[in-house]
Amino acid sequence: MLRHIVMWKFKDQTEGATKDENMRKAAEMLQALQGMIPQILSMNIGRDVTGKEGSYDMALEIDFAGQAELAYYTKHPEHKKVSAFISSVRSARVSCDFFVD
């Protein structure tokens, strides 16, 4: 199984909304993908609870059967819409993809 993890730092104010509003919208949009893209085996979305300086604001963890399924997900039109929105409201992004048993 391939685990895809992404973390974002969100801008304080952008797209006419606050950081909290944009984070809520991003989480809702991401969660909706689970019903649209059958290649997603499981999904977890969470906000940082520590507020430390080096922390990111939100994290996404998705499991796929393998690399082909991740590639399908990243090219899916609905994922591209979510990605475009998040790109417009975030200030930083990191990701990591790795195999788990």
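## Contacts and overall dimensions

In this predicted model, residues 24 or more positions apart account for 71% of the contacts in the chain with a separation of 6 or more. Buried residues make up 34% of the 101 residues.

A compact globule with 101 residues would have a radius of gyration near 13 Å, so the 14 Å of the chain agrees with that expectation. The C-alpha trace spans about 35 × 30 × 15 Å along its principal axes. The chain exposes about 5900 Å², of which carbon and sulfur atoms supply 51%.

## Secondary structure and strand pairing

Three helices and six strands form the secondary structure of the chain, and their order along the sequence is β-β-β-α-β-β-α-α-β.

Strand 1 pairs with strand 5 in the antiparallel sense over seven bridges; within this pairing, His4 stands opposite Ile62 of strand 5. Strand 1 also runs antiparallel to strand 6 (residues 90-99), to which nine bridges join it. Here Ile5 stands opposite Cys96 in strand 6.

In soluble globular proteins, nonpolar side chains tend to be buried together. The largest nonpolar core of this model has 21 residues, and those with the most contacts inside it are Trp8, Leu30, Leu33, Ile40 and Tyr73. At least two residues of this core come from each of strand 1 (2-10), helix 1 (19-36), strand 5 (58-64), helix 2 (67-75) and helix 3 (77-89).

With residues up to four places away in sequence left out, Ile40 touches Leu33, Gln34, Ile62, Asp63, Phe64 and Tyr73. Among these neighbours, Leu33 and Tyr73 are also listed with the most contacts inside the core.

Terms used
Residues are numbered from 1 along each chain as its sequence is written. This is a predicted model: local features need pLDDT of at least 70, side-chain atom pairs count only at pLDDT 80 or more; totals for chains, interfaces and linings use all residues. Side-chain values use heavy atoms; hydrogens and water are left out. A nonpolar core is a set of buried Ala, Val, Leu, Ile, Met, Phe, Trp, Tyr and Cys residues joined through side-chain atoms within 4.5 Å. Buried means under 20% relative accessible area, exposed over 50%, partly exposed in between (1.4 Å probe, protein chains only). Helices (H or I, at least four residues) and strands (E, at least two) are DSSP runs, numbered from the N terminus. Contact means heavy atoms within 4.5 Å. Two strands pair if DSSP finds at least two bridges between them. The radius of gyration is taken over C-alpha atoms; the globule rule is 2.2 Å times the number of residues to the power 0.38. Accessible areas come from the Shrake-Rupley method with a 1.4 Å probe; for residues, only the protein chains shown count as cover.
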